[in-house]
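Please read the following briefing alongside the sequence and the model. The points are grouped by topic, beginning with the overall make-up of the chain.

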Amino acid sequence: MNSNNDMMYEYLMQMGAMRPEEDQMLRKQAMVDALRQQAMDPMKGQMAGRVYVAPGVGEAIAKMGTAYMTGQQQQGVDASMAKMNVKREEELRKMRERMLQRRNPAAAGTPISASVPEFTLPETEG
């Protein structure tokens with residue numbers, strides 16, 4: 001039982017080591033969300049005395065640029081999050097393999113997927 005606790009502690013420590021990276025990604029995501037909202041806000045004209053001045057072409061181009069940059073930054077955040085998910089999955093897989101090896105030393109070196117039965121859904125009539 002104690003060895004399982006040690007493995008869980010090690011896994012949680014590794015996940016904690018990723019916390020600053022995760023916080024940075026969350027900050028980037030918040031920035032991307034704010035830029036996306038800014039790009040989606042409708043353009044507004046202004047009153048200059050008693051005359052209405054419609055939004056200019058420059059404002060439209062700026063909004064298009066903001067939307068484009070937001071998309072580019074979102075792709076970067078998505079790629080970083082995917083890398084982090086791969087790291088987490090790998091660490092979890094390693095922990096599961098160590099637990100399996102401690103329970104069954106004869107299974108050492110056997111991939112975890114070989115010991116897990118495949119689950120299939122029963123076929124239904126159409």
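The chain holds 4 helices and 2 strands, where helices (H or I, at least four residues) and strands (E, at least two) are DSSP runs numbered from the N terminus. Read from the N terminus, these elements follow the order α-α-β-β-α-α. This is a predicted model, in which local features need pLDDT of at least 70 and side-chain atom pairs count only at pLDDT 80 or more, while totals for chains, interfaces and linings use all residues. Residues are numbered from 1 along each chain as its sequence is written, and side-chain values use heavy atoms, with hydrogens and water left out.

**Chain totals**
- Of the 126 residues in the chain, 15% are buried, a term that means under 20% relative accessible area, with exposed meaning over 50% and partly exposed in between (1.4 Å probe, protein chains only).
- Among contacts (heavy atoms within 4.5 Å) between residues at least 6 apart in sequence, 66% join residues at least 24 apart.

**Helix H3**
- Helix H3, covering residues 57-103, has 47 residues and spans 69 Å from its first C-alpha to its last, close to the 69 Å expected at 1.5 Å a residue, the expected span being 1.5 Å times one less than the number of residues.
- The buried residues of H3 include Lys63, Thr70, Gln74, Val77 and Met84.
- Glu91, which is found in helix H3, counts as buried because its relative accessibility is 15%.
- Apart from neighbours within four places in sequence, Glu91 is in contact with Tyr11, Gln14, Met15 and Met18.

**Packing of H2 against H3**
- The axes of H2 (residues 19-40) and H3 come within 9 Å and cross at roughly 155 degrees, with axes taken as lines fitted to C-alpha atoms, for helices over the stretch in contact, and angles running from 0 to 180 degrees between N-to-C directions.
- H2 and H3 are therefore roughly antiparallel to each other, since angles over 145 degrees count as roughly antiparallel.
- Residues making the contact include Glu21, Met25, Val32 and Leu35 of H2 and Lys63, Thr70, Val77 and Met84 of H3.

**Met43 and its surroundings**
- Met43 lies in the loop between H2 and strand E1 (46-48), and with a relative accessible area of 36% Met43 is partly exposed.
- Although Met43 and Glu59 are 16 residues apart along the chain, their C-alpha atoms are separated by 7.5 Å.
- Not counting residues up to four places away in sequence, Met43 touches Pro55, Glu59, Ala60 and Lys63.

Technical notes
Angles under 35 degrees count as roughly parallel, over 145 as roughly antiparallel, 65 to 115 as roughly perpendicular and the rest as oblique.
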